[in-house]
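These are my notebook entries on a two-chain model. I went through single residues, sheets and contacts in turn.

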Amino acid sequence: MAELDRKRASAPAPKEWTYAPAPESRDVVRLEERYGNFIGGEWVEPAETYVTVSPSSEEPLATVAQGTTADVDAAVGAARDAFANGWSALAGSERAKYLFRVARILQERSREFAVLESLNGGKPIKESRDVDLPLAAAHFFYYAGWADKLEYAFPNRRPAPVGVAGQIIPWNFPLLMLAWKVGPALACGNTVVLKPAETTPLTALLFCDVLRQAELPPGVVNIVTGDGRTGAALVDHPDVDKIAFTGSTEVGKAIQRQLAGSGKRLTLELGGKAANIVFDDSALDQAVEGIVNGIYFNQGHVCCAGSRLFVQESIYEPLVEKLKRRLTTLRVGDPLDKNTDVGAINSSMQLEKIRALVQSGVDEGAEIYQPPCRLPEKGYWFVPTVFTNVAQSYRIAQEEIFGPVLSVLTFRTPDEAVEKANNTPYGLSAGVWTEKGSRILWMAQRMRAGVVWANTFNRFDPTSPFGGYKESGFGREGGRHGLEPYLRFEE
Amino acid sequence: MSRLPVKKTYKLFVGGAFPRSESGRTYEAEGQNVARASRKDVRDAVRAARAAQPGWAAATAYNRGQVLYRLAEMIETRAAAFAELCGGREEVDRAIDRIVWYAGWADKLPQVLGGTNPVAGPYFNFTIPEPTGVVAVLAPDEPPLLGLVTRLLPPVVGGNAVVAVASETRPLAAIELAEAIATSDVPGGVVNLLTGFRRELGPVLASHMDVNALDVCGSDGERPELERLAAENVKRIVHGRPDVQSPWEIAGFLELKTVWHPIGT
């Protein structure tokens, strides 16, 4: 024993505890230099283009279409033709088989998609590989199964497809959001025109190759890339029957206004400012992991991110100390490195927005903490940040930052926690940490939010409805409820 | 000498009380002077609704069902008076039966509209419907009683509080209904009924930041403008129809909440 102790004491301590680089290979992805719009099963040469870059290196990845009104019109026309000439009349069991094929091909090509997602969006490969891709495939698999069972979903109603769905998705989970939108739309017999986010078009464009392999009839899915102008053209198009939008509350409101009186169906999945509430009887270490996952997952580019941490006063100090210590272990850097916890900020524009809001927090008097962290020279980066000494009125406690920035606030009683948590125009998600079962249910009942995670955070599943209260939008995605936006019901 | 009847003053129904319009205005409808609600009356009604809503939502579903059933009882006992103010006894009967039908939904909604979700992981996950909050209803002009009941009951049975604008041309049935509500056990503020001009009151309700949903049933040409105003706080828009009966009517005024909890030892 004494011998052993001596040996251990004499072993030289390593000078540095850094991880060796473990980059995922990029070979698996073969990009074209230039992509058109995918309309009626064909690549259509665009009139206008822009270059999409990698946010972690700023290197250009490909030239893609800046979709024009004419492109949108052609895509809607193709979708209408496909709807009228076969797809809507196809037996549900046959639609199902196409979607099962898509799910399977995504599983088969998952590494390729994961690498491209991290390359174009900046998220850690660990997340694109273990979250985005498995969930995207699972969504298609889940909704495939519904396609021939729709009459069982809504008792005493006769479901029919809505028609052509215009779908506008964000840049935080590009392929997963595509799956959330396209899966249920197709299962219900609609055809779609999808506009990917301006900064992350590539996995959607690669998805067109999955459609080719699945032999999906032309025009059932059309993809037009571009910025907000392309989206606005899609919203405006008279032959679109339904708009599904995921993005900021500001744009969501603009779309709702734009569609006022048009009779077009609309679902909105908008911003959030989720409260993550930690009681003094919670399992502290688990709570810390949940807090970190809640706000630093995907660089905080998550509409349901737990960006407002409410800590019961009696555990404020130990919890914040544990949290800060945990932050020092987060590895920020190359999204393609398998050890990376926090990747690149999605765009320079988003980085500017985060910087401005963080500056406002400092200016308003909050105390900032950022762990020591070496950031790559090129690309868009932001150090995981915690603000303490935050007042409810500060912008960082009110506005959605959509970045790796946490505001810590405190409360004394459960009633006060409820009051503060609900004091926001948003209502997408909430987190509750306590070991007391009755309190979990009591809190869950009172949160004005569409998703409540108790003793966990940021969990998603195709069977689980997701969507907001209040200004976080309306309509649900996922589960049986996620079918309803894509169906009309005949009398 | 024959006896001179005591005539009724037709007033608003806000927070369980019967105030005149704060504006002091009336308009003539069906041969009576009826209160012409103002912007301020709308705000008072929304405040009353907001105050009453949490308590109504927190009542047990069994209790809400009984309270609404009680409303049907109250209308039945004064059915003759109601028949004078609408399309007649048949409309009254249908309105009563519709209330009874909806009353029975109070404790069945979560099982039909919600459920547990088989997520791929060690979590218990369930979805429940909850009221969206304060709902504004523009009731149709016709039928004056059944139309209002059809639009009122779905949000109320779901646990919402309502501010409704009555039929503009035939508001007396709505006022009679307010009196029946006041003598049932519906808590004050859960249903607020305003009489007046829809064109004047609709935009105030549509743009009110503390209203969560808007049923535009009774609107016509002004619908695009109402929907545009409603976007400011992402209101849920319901295109209600004057004569329809379905649990899916209730669903339009409900939110779905999904709760996750890990399963473990």
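**Pro110(B).** I looked up how exposed Pro110(B) is in this predicted model. I counted 15 other C-beta atoms within 10 Å of Pro110(B), so the residue is partly exposed; a buried residue would need 20 or more. Pro110(B) sits in helix α5 of chain B, residues 109-113. I then left aside the neighbours within four places in sequence and found Pro110(B) in contact with Ile128(B) and Pro129(B). I also took the C-alpha separation from Pro110(B) to Ala49(B): 23 Å, for 61 residues along the chain.

**Another proline of chain B.** I checked the peptide bond from Glu142(B) to Pro143(B) and found a cis bond, with omega near -10°. Most peptide bonds are trans. I placed Pro143(B) in the loop between β5 and α6 (146-157) of chain B.

**The parallel sheet of chain B.** I read the strand order as β7-β6-β5-β8-β9 (chain B), an open sheet of 5 strands with parallel pairing. β7 (191-194) and β9 (236-238) of chain B are at the edges with a single partner strand each, so each has one side without a neighbour in the sheet. On average, neighbouring strands here are turned by 15° against each other, direction ignored. I followed one pair in detail: β5 (residues 134-138) and β6 (residues 161-165) of chain B run parallel and share 5 bridges. Leu138(B) has Val165(B) as its bridge partner in β6(B).

Which order do the strands of the open sheet of 10 take? I read β13(A)-β14(A)-β15(A)-β12(A)-β11(A)-β16(A)-β17(A)-β10(B)-β4(B)-β3(B), and the pairing is mixed. The edges are β13 (367-369) of chain A and β3 (115-116) of chain B; each has a single partner strand, so one side of each is left without a neighbour in the sheet. Helix α14 (residues 414-421) of chain A packs on this sheet and touches β11, β12 (308-312), β15 (405-411) and β16 of chain A. The direction of α14 makes about 140° with that of β15(A).

I looked at where the chains join. β17(A) pairs with β10 (residues 254-262) of chain B in the parallel sense, over 3 bridges. Val452(A) is opposite Val259(B) in β10(B).

**Strand β11(A).** I went along β11 (residues 275-278) of chain A and its pairing with β16 (residues 429-433) of chain A, which is parallel over 4 bridges. Within β16(A), Asn276(A) has Gly431(A) as bridge partner, and Val278(A) has Trp433(A). β11(A) also runs parallel to β12(A), joined by 4 bridges, with Val278(A) opposite Val311(A). β11(A), helix α10 (residues 284-296) of chain A and β12(A) form a right-handed β-α-β unit.

Which way do the residues of β11(A) point? Ala275(A) and Ile277(A) point one way, Asn276(A) and Val278(A) the other, and all are buried. In a regular strand the side chains alternate between the two faces of the sheet.

**Positive phi in chain A.** Most residues other than glycine have a negative phi. I noted Phe402(A), not a glycine, with a positive phi of about 60°. Phe402(A) lies in the loop between α13 (395-398) and β15 of chain A, and counts as buried because 25 C-beta neighbours are inside 10 Å. I noted Asn458(A) too, with a positive phi of about 55°. Asn458(A) is in the loop between β17 and β18 of chain A; with 21 other C-beta atoms within 10 Å, Asn458(A) is buried.

**Contact between the chains.** I counted 34 residues from chain A and 26 residues from chain B in the contact. On the chain A side, the elements giving two or more residues are α9 (249-258), α15 (437-446), β17 (451-454) and β18 (473-474). That side divides into 15 nonpolar, 11 polar and 8 charged residues.

**Domains of chain A.** The domain assignment gives domain 1 (37-270) and domain 2 (275-454) of chain A. I found their C-alpha centres 30 Å apart. Their contact takes 18 residues from domain 1 and 20 residues from domain 2. On the domain 1 side, α4 (110-121) and α5 (125-146) of chain A give two or more residues, and α4(A) gives the most, with 4 residues. By class, I counted 6 nonpolar, 7 polar and 5 charged residues on that side.

How values were computed:
Residues are numbered from 1 along each chain as its sequence is written. Chains are lettered from A and ligands numbered from 1 in the order in which they are written. This is a predicted model: local features need pLDDT of at least 70, side-chain atom pairs count only at pLDDT 80 or more; totals for chains, interfaces and linings use all residues. Two strands pair if DSSP finds at least two bridges between them. Two residues are in contact if their C-beta atoms, placed from the backbone, lie within 7 Å. Axes are lines fitted to C-alpha atoms, for helices over the stretch in contact, and angles run from 0 to 180 degrees between N-to-C directions. Domain bounds come from an automatic or database domain assignment. Ala, Val, Leu, Ile, Met, Phe, Trp, Tyr, Cys and Pro count as nonpolar, Asp, Glu, Lys and Arg as charged, and the others, Gly among them, as polar. A residue is buried if 20 or more other C-beta atoms lie within 10 Å of its own, exposed if 12 or fewer, and partly exposed in between; C-beta atoms are placed from the backbone. A crossover is right-handed if, with the strands pointing away from the viewer, the path from the first strand over the helix to the second runs clockwise.
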